[in-house]
Structure formats: structure tokens, C-alpha cells
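Have the structure open as you read.

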Amino acid sequence: MSIAIEERNNYITHLLNGTITAFKNIVPINHQILKPKLLGQSLYLQYGVLIGITGELRGKLILAGDSTIFGAVGSSMFGMPLEGEMLASFSGELGNMIAGSLSTVIAQNGIKTDITSPTIMSGETTLSGYEKAIQLKIKLEDIGEMEIYLLLD
């Protein structure tokens with residue numbers, strides 16, 4: 001389905017604002033979200049979770065950062081240290097919660113989307129083949145930095 005440029009830009013604005021709202025609703029840690037940044041055609045990651053977005057707006061939502069950052073977020077949310085399979089499971093669930101909340105928030109603006117199951121990425125990963133990439137850097141108080149990437153098809 002092809003949509004007009006103005007409508008697509010409006011969708012992207014709703015997607016970006018919805019992502020920020022979803023993160024704030026899900027992660028109970030004081031944080032600062034830096035100004036969004038448009039990225040080049042390749043994305044390099046060490047650890048993260050990828051959730052596909054389907055429907056009127058298609059692309060991928062990626063939460064990325066060092067695995068210790070995900071562990072610290074999990075520990076803060078659940079009060080226990082996470083590692084190994086528990087860390088991978090938590091990372092996927094965190095991605096699910098944020099992407100699900102994002103879908104709900106943007107549905108209020110009339111944008112119908114759905115999400116795919118999470119994919120955990122660990123080790124050197126390069127992603128390409130998307131039309132546009134937007135990065136949101138998030139500084140988590142007393143923990144470190146995490147990035148959210150919105151890759152638009």
C-alpha cells in the first residue's frame with residue numbers, strides 16, 4: 001500500500017512520539033531521551049531485540065545496548081539479577097511490552113499496526129535494507145545508555 005509523503009511523515013511523527021510514550025509507560029527508571037537522529041543505511045549492534053511492525057506502517061523496532069544494560073533494567077523492574085536465558089527472555093519481553101504499547105498508542109491516532117515475535121540479536125550484527133532509520137538514545141539514570149531504532153521499510 002502506497003501512502004502520500006505528507007501522510008507518511010505524519011505516521012512517522014506518531015510512531016516516534018508513540019515510541020517515547022511506550023518507553024515511559026513500561027520502563028520505571030528515571031531517564032532522559034535525547035533528540036532523534038536520522039541514521040545511514042547500515043546499523044551495527046552488539047546486543048538487542050528486534051520486533052517487526054506490520055500494517056499501515058511497516059518496519060522494525062529495535063532496542064539495543066550492552067547486555068549489562070538490559071540486565072540492569074530487568075533487575076530494576078523485577079528486583080533480581082538476570083543473566084543467560086533469563087536475560088534473553090526478559091529482553092524479548094521488554095521489546096514485546098514496548099512494541100505492544102506503541103501499537104496501542106498509535107492506534108489512538110488511527111494507525112493500524114501489528115507486531116511480530118521478538119528476535120534477540122547477540123554478537124556483531126549488521127542490519128541494512130531499510131528505507132529510513134531513526135535513532136533515539138536513552139540515558140537511564142545510574143545504568144547507562146540504551147538505543148531505540150525505528151527502521152522504516
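1. Start with where helix 2 meets helix 3. This is a predicted model, and in it the helix 2 side of the contact comprises Ser67, Phe70, Gly71, Val73, Gly74, Met77 and Phe78. Facing them from helix 3 are Leu87, Phe90, Ser91, Leu94 and Met97. Sorted by class, that contact has eight nonpolar residues, four polar ones and no charged ones.

2. On the geometry of that pair: helix 2 covers residues 67–78 and helix 3 covers 84–107. Their axes lie 10 Å apart, at an angle of about 75 degrees. Angles of 65 to 115 degrees count as roughly perpendicular, so helix 2 is roughly perpendicular to helix 3.

3. Helix 3 also packs with helix 1 (residues 5–26), with an angle of about 130 degrees and axes 8 Å apart. That pairing counts as oblique, and the crossing is right-handed.

4. Which residues make the contact between helix 1 and helix 3? From helix 1 you'll find His14, Leu15, Gly18, Thr19, Thr21, Ala22, Phe23, Asn25 and Ile26. Helix 3 brings Leu94, Met97, Ile98, Ser101, Leu102, Val105 and Ile106. The tally by class is ten nonpolar, six polar and no charged residues. Note that Leu94 and Met97 are listed here and in the contact with helix 2 too.

5. Last, have a look at Asp142, in the loop between strand 7 (132–140) and strand 8 (144–152). Its phi is near 65 degrees, a positive value in a residue other than glycine. Most residues other than glycine have a negative phi. Is Asp142 buried or exposed? Exposed, because its relative accessibility is 79% and the cut-off is over 50%.

Notes: Residues are numbered from 1 along each chain as its sequence is written. This is a predicted model: local features need pLDDT of at least 70, side-chain atom pairs count only at pLDDT 80 or more; totals for chains, interfaces and linings use all residues. Side-chain values use heavy atoms; hydrogens and water are left out. Helices (H or I, at least four residues) and strands (E, at least two) are DSSP runs, numbered from the N terminus. Buried means under 20% relative accessible area, exposed over 50%, partly exposed in between (1.4 Å probe, protein chains only). Axes are lines fitted to C-alpha atoms, for helices over the stretch in contact, and angles run from 0 to 180 degrees between N-to-C directions. Angles under 35 degrees count as roughly parallel, over 145 as roughly antiparallel, 65 to 115 as roughly perpendicular and the rest as oblique. Contact means heavy atoms within 4.5 Å. Ala, Val, Leu, Ile, Met, Phe, Trp, Tyr, Cys and Pro count as nonpolar, Asp, Glu, Lys and Arg as charged, and the others, Gly among them, as polar. A crossing is left-handed if the near helix is turned anticlockwise from the far one by less than a right angle, and right-handed if clockwise.
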